[in-house]
Amino acid sequence: MNRRTLFTGGGGVIAGTVAGSALPGAQAAAGASKPYGIPDIAVVDQDGREYRFYDELIRDRVVLINFFFQSCGDTCPLVTENLRVVQDALAERMDRDIFMYSITLQPHFDRPHILKDYAELWEVKPGWKFLTGEPDEIERLRRALGFASLDPEYDLQLDNHTGILRYGNDRLGRWAATASLGRPAWIIKAVTSIADVA
Amino acid sequence: MLTTTERAARRARELLREIQAEKFSRRDLARLGLIAGSAFYFRGASLRQALAASSASPRTTPFTERLPIPEPAEEDSSYPYNEADHQYCSSRFPMKKMYHLRVRERKHRFTKDLRSPVWSYGDNFGGPIIDARYGEPFCLHIENDLPSADKHKGFGHPEIAPHLHNFHTASESDGGPWNWIPPKKNPSGKPNFRNHHYCMARAGFTTTKGIPAKWVDPVNGGDLRETLTTLFLHDHRPEFTASNVYKGLVCMVRMFDDDDTGDETTGWQLPSGEYDVPLILADKKFDPDSGELVFNQFANDGYLGDKLTVNGKVQPFMPVKRRKYRFRILNGGPSRFYRLVLRKDGANQPFHQISESGNLLPRTRKNITSLELWVAERADIIIDFKKFKNGDRVYLSSNLVMMEDGRGIDRGKSTHPDSTSNQLLEFRVQGVVEDPSRVPNAFRPLPSVNLNEVVKVREWDFGRKNGMWHINGKLWDPDIDHAPEFLLNPPDKVRRNSAEIWRFRSTSGGWDHPIHVHFEEGIIISENGRQIAPENRYRTDIYRMGGTRRIDEMEVFMRFRDFPDPDYANKSSDNGRYVIHCHNTLHEDHGMMATWNIVP
Ligand SMILES: [Cu+2]
């Protein structure tokens, strides 16, 4: 029922299997941090397209960011469903001036083809990307964006990072957070309050 | 049987122990299938840095800036004002004076080379000081002249919700986390100002039940024992409270009456005038290159600065005369707690505490040597500098260590109060002046705790949920309780003119929460199941969950009187709405707030 997943993964999966996997630009990924310490790492979306996280996905944009994992049985599906309502309500602004990024907490497992199935299942439209990457790099991103806890025991449980929905406007350098399971009406009001006038 | 959560936690603990004991090499870990999460245990320091955000502030030289004393607020009653907008205003407590607060952005010098844009109530960082007097109802006209939301860059959101913490205020004037005031240029063309009305009458002004005749205010009604003394105004914009207050939206408020007169030759003769000094403590961090204020907008658990400021100056000095002073100390947050000590030549110096959480104590705590102050708490202390010599240097310091992410006290750690980084303020003793002031042994007794008045025991649970912070399992939604269906049937209804026991439980395992309840002062009657003896009780608006004494459960006696105004109820169904929230403003901004309503 209330199954908690740790960073230990599904058990018995050998981490080495993803070493040297399909991430061509990964070696060069440890670039300089961008404003507010957001690392400009290489990430891959559900269509296998590679991006620089800061330069290509954050810069000058209004964004909503959450962390999730595909095998998550408790919170994530509810969050994804909630964000789908947000996506539909923001329809004409999505992919134009508002973008959503759901980043995996299990980059080893959640490879692009898995994210692709997930995105299709939830009828994701343009402007909403599901992102994975090199585990070390995604880990850096997770910490830099504040989806982490200094309490080591708390931090190890993946589900302890799924309740936060960060929203920000990079052009204005302004960031905040709200509940990823919050009412879509409030999420929309919150994010548009820091967005430029539509 | 272990629950799955307990099993997961146990597995996590085992894993940690193994990793910490370095039983496994990195390669072993990889073979065991440990993934991402394990990596940072080898780089613990970098994780701490990442979470503590960015690099250290530039070096500063302490005690080079003189402590600024806030100026009185500007009185100006020329602004539009409608008595009908406010509960009990035309009927009982018509406004006698109006203060004007213009909220604006300006440059402020924290110390040499550290200049930063800040926001302030009025012209100075840390605001003016607002003086009020019981029996003199007043109004605040608050005007938002901040840059527009799409022009302002960086942390802080220029939509403001000023809240007078913790006055007995009608909900429409409480400045709770709703209906924030936009800046002048806003897309919906809303007004950029608002009036708040304060009755300046003590709780209980509509009922004499439970108030001995001797303690009824003969002029306005109300229980004299409910007098409030040292308060402050701060911003309450949901999800941006931490950054807006950090950017400067805070100011002190003093309330006087016929005993605490503001004149040291009358009433209780407490030190007054230039010897009654507000001290706003706030820790800040500055950009190493620009010298401007920085804030970590990605922090959920807490935020600590590495520079201690008092009244907006980094470690200032204050020349004092050899006489008594009253200091009204406020912990302005966002997350740091203090354990204040007065130090000279490596030794603690005694002082007197006359108020806790802004309320005068039944009896003065004489000759104490340390004082814990959690976020948003106020304490009035009296220091007599007469015992020191001309030329002496005396320091107000803190010896409390916070956990690195600011989520609470690092209980196992201590720090030396005389290390420069722990010193807040340097007193420079010079000169003698007349001192007619006194330190009374006692003030007014506490309002009686009468359990026969209690109509309900209300439970409030505080904890973590998926990385956010919850109350009773719910995360704050500033909008949901505007809905008519909510107002018709709010989940937490408190009967007007009744008393309740509020039972607080912290289920978040070691995190500290300074819980704050709007509107009403409470009296803690038990902690962790142990009764508090009557002589150790006090009135407070901050309830310390956690802390060095690990308080996980607390029972508080509360009365909810006077509001909403029955005459006002016909005008608006939204007239008794208040909040309870954590005052670690990072927790507050990440869900830890809930609405409750007083109903007729
Ligand atoms: Cu808290």
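## Salt bridges, a domain interface and a copper site

B:Arg539 forms a salt bridge with B:Glu226, their closest N and O atoms being 3.8 Å apart. Here a salt bridge is a side-chain nitrogen of Lys or Arg within 4 Å of a carboxyl oxygen of Asp or Glu. Before going on, note that this is a predicted model, in which local features need pLDDT of at least 70 and side-chain atom pairs count only at pLDDT 80 or more, while totals for chains, interfaces and linings use all residues. Residues are numbered from 1 along each chain as its sequence is written, chains are lettered from A and ligands numbered from 1 in the order in which they are written, and side-chain values use heavy atoms, leaving out hydrogens and water.

Let us look at the domains next. Chain B is assigned domain 1 (4-54), domain 2 (83-256), domain 3 (305-429) and domain 4 (451-599), with bounds from an automatic or database domain assignment. Between domain 2 and domain 4 of chain B the count is two salt bridges. In contact there (heavy atoms within 4.5 Å) are 45 residues of domain 2 and 38 residues of domain 4 of chain B. The two domains bury about 3200 Å² between them, 48% of it on carbon and sulfur atoms; this is the accessible area (1.4 Å probe) lost on putting two parts together, summed over both. On the domain 2 side, B:Gln87, B:Asn166 and B:Trp178 lose the most area to domain 4 of chain B, together 21% of what that side buries.

Across the whole structure, 66 salt bridges are found over all chains. Three of them are tabulated here.

| Pair | Closest N to O distance |
|---|---|
| B:Arg202 and B:Asp257 | 2.9 Å |

For burial, the cut-offs are under 20% relative accessible area for buried, over 50% for exposed and partly exposed in between (1.4 Å probe, protein chains only). A:Arg183 is partly exposed at 29%, whereas B:Asp477 is buried at 11%. B:Arg202 is buried at 5%, and B:Asp257 is buried at 4%. B:Arg326 and B:Asp260 are both buried. Salt bridges with shared partners join these two to B:Asp131, B:Arg254, B:Asp276, B:Arg328 and B:Asp380 in one network.

Finally, the copper ion has the protein donors B:His513 (ND1), B:Cys582 (SG) and B:His587 (ND1), lying 2.0 Å from it. Donors are N, O and S atoms within 2.8 Å of the metal (3.2 Å for Na, K and Ca); water is not among the atoms, so sites may look incomplete. Along the chain, the donors follow the spacing H-x68-C-x4-H. B:Cys582 is buried, with a relative accessible area of 0%, and B:His587 is buried at 0%.
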